[in-house]
Amino acid sequence: MLQKYDDRNASIKVWVKDKLVDRKNAMISVFDSSVQGGDAVWEGIRVYSQGVFCLDRHLDRLEDSARAMAFSDVPTRDFIKNAIFATLRANEMIDQVHIRLTITRGEKITSGMDPRLNTLGCTLIVLAEWKPPVYDNDKGIKIITSTIRRNSPMNLDSKIHHNNLINNILAKIQANHANADDALMLDNYGFLAEMNGTNIFLVKDNILVTPLPDACLHGITRALIIEIAKDLGIVVQERNISLTELYSSDEAFGTGSMGELTPIFEVDGRKIIDRRKNNITSTLSASFKKLAIDYCTKF
Ligand SMILES: Cc1ncc(COP(=O)(O)O)c(C=O)c1O
């Protein structure tokens, strides 16, 4: 799905460092670490009319990523929460909103890789946009397998939610050229890792299966779906999955804050056929929608 420009975002206010600015003035320095090395961490967070979804889980992951990257002078959780709430209030945003929350290592005194050049503290960006879930979750998506591998802890640990997204972007380019909606990425051993921007699940013989979070982001939606499935009495397996298993699965879907639950109807030209007609994806999706409300922080 190619996202479209939304007029409602023309004059939004964006939080940059310590204040709100108009979209046209929402800029960071060319000396900022994110410009020089993708040296930043981020979260994609959804806002429903009931509040900000899974806010503390997102902030936990953000802080973990910043700690793993040895950032210093990271804004406090209260500061970040206030910045998020102030941004949403200033834009009168209540629903159908997606926040791209970023903390960069900050501005450098001169260009270079060394984090000791960052003496000015982190840069916080709260970019809240009007953005309903980005996939057509009724129709679903068609995916292809990319030749680009998803990072494992062997090179760049996917448990850091960092801004160095080049390998996921290269995978997405392959999907675009193949006229597919998204790209499936494998791990170093050829097992499923995740898609370029979402986690992946399959259903086979009523069992819900997803890759271990070794070479994929430990997605917040992913974790919730596992919790919901277990509560519904669905057997869940986290294990290595081969492409053959995906091709012959009964159902498959992606999860993420951008698009919630998105059915996959085709992988590498193979149609996913629900021979059991149980539609576990719909059951999980409906439960997710109901439960999401309980995970919202009002502002
Ligand atoms: C590569 C990747 N996988 C999966 C996800 C989904 O994670 P979550 O459910 O926490 O939004 C994201 C979201 O940013 C992502 O970038």
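This is a predicted model: local features need pLDDT of at least 70, side-chain atom pairs count only at pLDDT 80 or more; totals for chains, interfaces and linings use all residues.
The protein chain contains 7 helices and 16 strands. Its radius of gyration is 19 Å, close to the 19 Å that the globule rule gives for 299 residues, so the chain is as compact as a globular protein of that length. The C-alpha trace spans about 60 × 40 × 35 Å along its principal axes. Of the 299 residues, 42% count as buried. Contacts were also examined by sequence separation. Among those with a separation of 6 or more, 71% join residues 24 or more positions apart.

The chain is divided into two domains. Domain 1 covers 7–130, and domain 2 covers 141–297. Their centres, taken over C-alpha atoms, are separated by 26 Å. At the contact between them, 23 residues of domain 1 meet 13 residues of domain 2. On the domain 1 side, the elements that give two or more residues are β3 (40–48), β4 (51–53) and α2 (55–68). The strand β3 gives the most, with 8 residues. By class, this side of domain 1 has 11 nonpolar, 8 polar and 4 charged residues.

An open sheet was found in the model. It is formed by 7 strands in the order β2-β1-β6-β5-β3-β4-β16, and the pairing is antiparallel. The edge strands are β2 (19–22) and β16 (296–297), each of which pairs on one side only. The sheet includes β3 and β4, two of the elements on the side of domain 1 that touches domain 2. Strand β16 (296–297) lies within the bounds of domain 2, 141–297. The pairing of β4 with β16 is antiparallel and runs over 2 bridges. In one of these strands, β16, C296 is the bridge partner of F53.

The side of domain 1 that touches domain 2, by contrast, has 11 nonpolar residues.

Key:
Residues are numbered from 1 along each chain as its sequence is written. Helices (H or I, at least four residues) and strands (E, at least two) are DSSP runs, numbered from the N terminus. The radius of gyration is taken over C-alpha atoms; the globule rule is 2.2 Å times the number of residues to the power 0.38. A residue is buried if 20 or more other C-beta atoms lie within 10 Å of its own, exposed if 12 or fewer, and partly exposed in between; C-beta atoms are placed from the backbone. Two residues are in contact if their C-beta atoms, placed from the backbone, lie within 7 Å. Domain bounds come from an automatic or database domain assignment. Ala, Val, Leu, Ile, Met, Phe, Trp, Tyr, Cys and Pro count as nonpolar, Asp, Glu, Lys and Arg as charged, and the others, Gly among them, as polar. Two strands pair if DSSP finds at least two bridges between them.
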